[in-house]
Amino acid sequence: HDLESPGIDPSIIKQQVEAAETIKEETDGLHEELEFIRILGADLIFACGETEKPEVKKSIDEMNNAWENLNKTWKERLEKLEDAMQAAVQYQDTLQAMFDWLDNTVIKLCTMPPVGTDLNTVKDQLNEMKEFKVEVYQQQIEMEKLHHQGELMLKKATDETDRDIIREPLTELKHLWENLGEKIAHRQHKLEGALLALGQFQHALELNKPSKIPTMSKKTTTASPRTPGPKR
């Protein structure tokens, strides 16, 4: 019969692996019986008439083929489950890493110093914000990859429970990402507003600064010769 598709959650895949291994143990338990039937079949071929031999041989061949197919199916099943487990664990790890990064980034943003009150400080803070946004943009590429991977897994998932397992963290991630974007925009707006206000203030100061009083050039004054008074 058709086997259940590999799950997308590591815990579900683990259960599927255990189920496959249980089946393998049960079939391995039939190996001795199979060998016994093969021996009986060989004896029967030797003992029976020529007309019956092809029929007996055909039955034994069919049994051997069924056994080989069973082992092949089990091996393929286990390989699929192992691949699914590897992909699921990798996806979960990437997902968790993204959640951790978002948490840390929001904390980093929220603990940035208040907007400065002088022009140079605000300019430095804007440069810091620029670097911060570059880091966020680089992570956004990883976020999009993760989202794409999740969408592919959603298409493969046949069970509604599996779909929920994929959909819920992706929805939460999207919400957290939008929240980060809003916080970045708010900080940027405040910094740009401060830059504008401080720039205008600086400009106003320059305009209203009193002109420097020119220093008068020192002139050498020559004393006028005294007119001698009348002689007494």
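Guide: Helices α3 and α5 are roughly parallel to each other (angles under 35 degrees count as roughly parallel, over 145 as roughly antiparallel, 65 to 115 as roughly perpendicular and the rest as oblique). This is a predicted model in which local features need pLDDT of at least 70 and side-chain atom pairs pLDDT 80 or more, while totals for chains, interfaces and linings use all residues. Residues are numbered from 1 along each chain as its sequence is written, and side-chain values use heavy atoms, leaving out hydrogens and water.

Visitor: At what angle do helix α3 and helix α5 pack?
Guide: Helix α3 is residues 53–110 and helix α5 is residues 160–208 (helices are DSSP runs of H or I, at least four residues, and strands are runs of E, at least two, numbered from the N terminus). α3 passes α5 in a left-handed crossing (the near helix is turned anticlockwise from the far one by less than a right angle; clockwise would be right-handed). Their axes are 11 Å apart (lines fitted to C-alpha atoms over the stretch in contact, with angles from 0 to 180 degrees between N-to-C directions). The packing angle is about 25°.

Visitor: How many residues of the contact of α3 with α5 are nonpolar?
Guide: Residues of α3 in this contact (heavy atoms within 4.5 Å) include Leu 95, Phe 99 and Leu 102, and those of α5 include Leu 173, Leu 176 and Leu 180. Ala, Val, Leu, Ile, Met, Phe, Trp, Tyr, Cys and Pro count as nonpolar, Asp, Glu, Lys and Arg as charged, and the others, Gly among them, as polar. The contact of α3 with α5 has 1 polar residue and 3 charged ones, and its nonpolar residues number 17.

Visitor: Which rings make up the aromatic pair?
Guide: The structure holds 1 aromatic pair (rings of Phe, Tyr and Trp, the last by its six-membered ring, with centres within 6.5 Å; planes under 30 degrees apart are stacked, over 60 edge-to-face and the rest tilted). With centres 5.7 Å apart and planes at 25°, the pair is stacked. One partner is in helix α3 and the other in helix α5, 76 residues apart. They are Trp 101 and Trp 177.

Visitor: Is α4 roughly parallel or roughly antiparallel to α5?
Guide: The axes of helix α4 (residues 119–156) and α5 come within 10 Å and cross at roughly 165°. That angle makes the two roughly antiparallel. By class, their contact has 20 nonpolar, 8 polar and 7 charged residues. So α4 is to α5 roughly antiparallel.

Visitor: At roughly what angle do the axes of α3 and α4 cross?
Guide: The crossing of α3 and α4 is left-handed, and the two are roughly antiparallel to each other. Their axes come within 11 Å and cross at roughly 150°.

Visitor: How far apart in space are Leu 119 and Leu 195?
Guide: Leu 119 is in helix α4. Leaving aside residues up to four places away in sequence, Leu 119 touches Leu 195, Leu 198, Gly 199 and Gln 202. Leu 119 and Leu 195 are 76 residues apart in sequence, and their C-alpha to C-alpha distance is 6.5 Å.
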